Amino acid sequence: MKSGSNLEKVLAAGHLSVTAECGPPRGANPDIVRKKAAFVKGHVDACNVTDNQTAVVRMSSLAGCMLIKEEGIEPLIQMVVRDRNRIALQSDLLGAAAMGVRNLLCLSGDHQKFGDDPQAKNVFDIDSMQLIHMTKMMRDEGVFPSGDKLDGAPKFFIGCAVNPFADPFEIRVPRLKLKMEAGADFVQTQCIYNMTKFKEYMELALKEGLPEKIKILAGVTPLKSAGMAKFMRRMVAGMDIPDEVVKRIADEPKEKQAAKGIEMAIEQIQELKEIEGVSGIHVMAIEWEEKLEEIIGGAGLLPRPVVE
Amino acid sequence: MITGTPKPIDEVLEMLEPYDNIILAGCHGCVTVCRVGGEKEVQVLASTLRLAREASGKKIEIREVSLERQCDPEYVEQMRPYVEDYQAVLSIACGAGIQFLAEKITTTPLLPGINTGFLGVTERQGEWTERCQGCGDCVLHLTGGICPVTRCAKSLFHGPCGGSVRGICEVDKEIKCGWQLIIDRLVALDQMENYGKLKPYKGWNSARDGGPRRIIREDMI
């Protein structure tokens, strides 16, 4: 075991893993996190806590991780390189590991232009690929990038993200391979709606033998409404939502669209489960954590396995 | 070249408020090429300022000067004989030129007439775009001649990020994704093997992060 995290154990035992995510609140109120945690508990193997996603200021990811950990959920800390240089990143890795966080997701971070503080200075001292590499070095070799020895290596199950639908498509699989070689143990994908294109991506990944070396956790975001589908398609870069998906939810009367969205997410998970090389499902129910049980249970993924 | 843009005229007028006679100093270097600080711009700005001050009932005398380069001591010295006769110098050279004047001419206030931009190129008349951040450790041989530090909004060394759509950066629809450009070029040059390699962490100490930089060429001293 590299980290001994529950997520790592579940995947190593050959189960299809389930992860979800909690976005920390726009304030210092811990009860919001605890409330979300109550919806997540028992339904996932680990739960991501986002790091100032879309560059909008929120409670820190590490604080969110501690709060859900207190509630009995295994945290997965997201870490972006937008706001911290390598000094702060190393320090936060050590801090998170010391507090018992065992899963990490290395990200670039959305550009600050999209958030509260578009005038902020961005950092990008190292990129997410190099954060993966740095963490692996600290974990496996027990040294800082400077070469100095660590007094206690941070044991992380190291993750990365990919968007199988972003341009240019031809480098998407080589980029995943590069992340794997840099040291990523698992990858969580951008939300998938275009199943045809995702299958094509997985075929290419299989040809490269990647699923044997890096656990691929397929991203699913339930649509709450046709409006949400259209908004995401228009506003989120690299979001590929085919017309037929939008049409299917738009054809429902407004009050039935949410239920349809959940039904579609469940169907999608069923389909993803059958794709060779998919090791887990990552459910990003954005501000809709109360539906996680229905979605994950509906897809036949409850109860979660207990692996010692 | 170093590019720049004129400061808004109201901002310049506000800076000039305490003064009745000034030197307006242009530069024949980069700012002439990007049409913001050369001889012609000195004339136009001087006329505009005179008219505005006349209209406000507080005339200003402006001596128009254009130095060959404001970043070179031999040309800066040309101003010395008469600079004391004026209350201030408004410079429309780049930030380096303005500061160099301020260092050499210590008794007269120096005022910036332009906002200095970036190291860039002329796309067409009236359009300049950034190419170089002067980070002190060039990797263009690995990236198809396109700079990831400058052309990627996140300065990624392993791009593109998920925000690249149809060759456009999510930050601005007018900005091309630097990494799409790099990949297209690497494919065309049959150098994609460069893409698949993990690059070492950038040493930003050769950039501004290491503190103000200097270059010493022993062979020239």
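Good morning. I begin with the largest nonpolar core, which has 104 residues; A:Cys47, A:Val187 and A:Ile281 have the most contacts inside it. Such a core is a set of buried Ala, Val, Leu, Ile, Met, Phe, Trp, Tyr and Cys residues joined through C-beta atoms within 7 Å, where buried requires 20 or more other C-beta atoms within 10 Å of the residue's own, with C-beta atoms placed from the backbone. Apart from it lies another core, of 35 residues, including B:Leu24 and B:Cys34.

This is a predicted model, in which local features need pLDDT of at least 70 and side-chain atom pairs count only at pLDDT 80 or more, while totals for chains, interfaces and linings use all residues. Residues are numbered from 1 along each chain as its sequence is written, and chains are lettered from A and ligands numbered from 1 in the order in which they are written.

Next, the contact between the chains. Chain A contributes 25 residues and chain B 22 residues, two residues being in contact if their C-beta atoms, placed from the backbone, lie within 7 Å. On the side of chain A that touches chain B, α5 (128-141) and α6 (172-182) are the elements giving two or more residues, and α6(A) gives the most, with 4 residues. Helices here are DSSP runs of H or I, at least four residues, and strands are runs of E, at least two, numbered from the N terminus.

Finally, chain B. Strands β1 (residues 2-6) and β6 (residues 114-124) pair in the antiparallel sense over 4 bridges; pairing requires at least two DSSP bridges. B:Pro6 stands opposite B:Ile114. β6(B) also runs antiparallel to β7 (residues 127-132), joined by 5 bridges.

Key
Buried ≥ 20, exposed ≤ 12 C-beta atoms within 10 Å, placed from the backbone.
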